[in-house]
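Hello,

Here is the structure I promised to pass on to you. Please open it alongside this email and read on once you have it in view.

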Amino acid sequence: MYNILLGGAAGDGIETMAGLLEKMLKQSGCHLFTIRDFMSRVRGGHNFTQIRFGDQPLHAHRDTLDGIFTVDEKSYQEHQPRLSYDGFILCDEALAIDDFRAIKLPFKKIATDLGNPKVINSVATGALLKLFNIPLDHAAAIIKSNLRADLVEINLSAINKGYDLLESHYDLPLIETSEDLMLSGNNAIGLGAVAAGLRFYSAYPMSPSTSLLDFFNAHSSTMAIAVEQAEDEIAAINMAIGASYAGATAMTGTSGGGFSLMVEALGFSGIAEIPLVAVDVQRPGPATGFPTRTEQSDLKFVISASQGEFPRMVIALRDHTDCFYQTARSLALAKKYQIPVILLSDQYLADSTTTIPILNASEIVHYDEPEAPVPTPDHPYKRYALTENGISPLAIPGKSEALVRVDSDEHDESGQITESATVRNQMVQKRMHKLEGLKKELIEPEFWGAQQCQSLLVGFGSTSGAIKEAVDILNQEEKNYGALLFGDIYPLPTERLRHFCDQVMEIINVEQNATGQLASLIREETLISCEHSILKYDGRQLSVDDILTGIKNFKGGF
Amino acid sequence: MSKPAFTNYETAWCPGCGNFAIIETLTGVLNQLERPPHQVVLVGGIGQAAKTNQYITANGFSGLHGRSLPAAVAIKIANDDLTVIVNTGDGDSYGEGGNHFLHNIRRNVDITHFVHDNQIYGLTKGQPSPTSNRCDLTDNSNPCNLGASFNPLLIAIAAGATFVARSFSGDKKHLAEMMTAAIQHPGYALVDILQPCVSFNKTNTFAYYKKRVKPLDEGYDATNKLAALEKAMEFGDTIPIGILYREQAPTYAAKHPELFDKVPLVDKQINQSDVQALINSYI
């Protein structure tokens, strides 16, 4: 298992280099997990991509580095404290880096000799592949399918020249990964939505949700999805609601700032009982916050966003596989219960890429709406008919003679505005009653670790991978640790939590926010308190190492 | 004689409200259209005018204040077979919904937008709206807009609207002509309908409008954009009514041919094998 970092300024081509290198590693037989750390600027500054790869499936990044490739001194200075003693720094011979671990090679000269100084990163890619003893078998195909035709030959020459510059140093066992997928969290959300039959996506570009909009735009015509770039997030969510009313499976996506603009319409979806899925790809707030970085601080916001009371569901996406299956499930649940469902992701998950087993379109949860009753003159269709489970048969306008009348005002069964106290009570109770059915569908948090654990870590969403790995490491000494990793988070499933609460000595909440929002929600719903918390809110994702250090700190060493 | 397809429910408007003439005319126009009520969606935001869809036997979508346009265009995009008509007020369309007004003009989705423009906020009882007349500090008229008045027709033409008209609730024949032409126009069609607010607007009364509205001359060329902009700036002792500007331009549907073929978007299905092929492209 190795961990390397590629660093440079925005515009240096690090992202392109990393994308190609990832593909070559994957095709050669590596699992990998890549994180992207960029500044909110197009040129300059300092960006890096960190690729962890090896022969085991990976679910998180690690802090300690085995190697750094850098195009500038700044990346070296920034990251060399994390470089292991026997690690390497790969760079051009001209860089002023005085370190016994440095491997300085004539990247720039070779690139210039080849006729284009810009291929310097390809020379370095060749050198990196050689260092790790990765065969060049897949390089040509990957370069051909990803670069402009006139750039293929020179980049391949550059890779070959780089490959010949040094001897292999690491011996990496390569395995069979040819059936695995390699994709980002946002792409997995997109695929899940496509598989669930998404017909309409509206959004306003906002980091780190923008790549979702780009994904749907790219597949709009082949997958029959109308994609509208709205004038603002208010329009985006109201469009999604309009499309859903007309029968199209609809979704909107944004980050916390855009979600703030959406909240009135979230309540509209609730009272009008129009199915809706809204994705909140979180970034650090409040306000503009850290546009390109990560946080899990919108949990308490999204579970209570909008005035008034209405049933909703919140699903925290834990990993790339969740992104696919839970997005599809969220669209099905939104339709089945005619409610808004919010998907919580974050920049870490959105922008990280990893290898995962194949995702199957045939395995997703679908919900097929039963036919609404045919209206007659004596029994016209009632959009909000009172029923035992609170769910009224849903008719689609234009698809039958039913007149479908929906309203953001309180309304009677037919959708007509009302001010009746009796009808108000009936309608509030009807809507809230849908929660009873929904609660039966909740998926309990995933348990990880030793069943007889005495210390229980709790977390939600994208920190799950790091928590699992930390538990595995802790249990190497003493099988004392377990973790509950929440995906479905509102309504909060409590059965498994109560079970472990009776067994363990301590509960530790691990969260990417400053106030411990999950611990707060757990306490509110169950009166269960967490004894310790490990919190991080600097915009950089909690790592396995942060969790281990956090536990060490309040245990006084182990 | 058989019962007309579109009929009305009891309303909650003030006696004498201009909305009565508008809803009566609209109901008549809808009955002439030969579209069954279940294929017509009436969309509104919030306000007295926005309640129109509550009072006509058709599909009804009463959305949020200011947000009727985004919902309406999405309904039309989802199902191109539906006739989508927005009825809502000047505050909803030009105030709270101003940003959507600008940008949905640019989309040119085939919907119709009837703005019941009484130059005042009625439901909240008498505050000035964006279209209230401009006045100065010594002016005690009600409503009073110390800033510039919003000129919806001028702005709509400038923003690229393909059908821009004005009518008056006091001239039902003219109003019916405008409504019919707007509904039949392929693309976004705006009709700003002047109407008195009998309870609160003591300036822009029925008599005020009656005296000022003047149909466009027979020779008026509605395809001349510069002339239309000039005409749209007339709002004073005479107020021109009629189709100020129209052009044939590609609609949203025409610009997305792959999504708007014979099968409405809502009925489109993608084969599971095609979805799986897309997933497999990430191998």
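Below is what turned up, going from domains to a sheet and then to cysteines.

Please keep in mind that this is a predicted model.

Let's begin with the layout of chain A. The domain assignment divides chain A into domain 1 (2-163), domain 2 (182-363), domain 3 (369-441) and domain 4 (446-555). Between the centres of domain 1 and domain 3 of chain A, taken over C-alpha atoms, there are 58 Å.

Next, have a look at the sheet in chain A. Seven strands form an open sheet with mixed pairing, in the order β9-β8-β10-β11-β13-β12-β19. At its edges are β9 (226-229) and β19 (488-490) of chain A, each of which pairs on one side only. From one strand to the next, the twist averages 20°. Within this sheet of chain A, strand β11 (residues 276-282) and strand β13 (residues 340-346) run parallel and pair over seven bridges. If you want a place to start, find A:L276, which stands opposite A:P340 in β13(A).

Now for the cysteines. How many disulfides does a search of the whole structure find? There is one over all chains, and it joins B:C135 and B:C144, with their sulfur atoms 1.6 Å apart. The torsion about the S-S bond of B:C135 and B:C144 is about 85°, so this disulfide is right-handed. B:C135 counts as buried because its relative accessibility is 10%, under the 20% cut-off. B:C144, at 21%, counts as partly exposed. Over in chain A, A:C30 is buried with a relative accessible area of 0%, and A:C323 counts as buried at 0% relative accessibility.

Enjoy exploring!

Best wishes

Methods:
Residues are numbered from 1 along each chain as its sequence is written. Chains are lettered from A and ligands numbered from 1 in the order in which they are written. This is a predicted model: local features need pLDDT of at least 70, side-chain atom pairs count only at pLDDT 80 or more; totals for chains, interfaces and linings use all residues. Side-chain values use heavy atoms; hydrogens and water are left out. Two strands pair if DSSP finds at least two bridges between them. Helices (H or I, at least four residues) and strands (E, at least two) are DSSP runs, numbered from the N terminus. Axes are lines fitted to C-alpha atoms, for helices over the stretch in contact, and angles run from 0 to 180 degrees between N-to-C directions. Domain bounds come from an automatic or database domain assignment. A disulfide is a pair of cysteine sulfur atoms within 2.5 Å. Buried means under 20% relative accessible area, exposed over 50%, partly exposed in between (1.4 Å probe, protein chains only).
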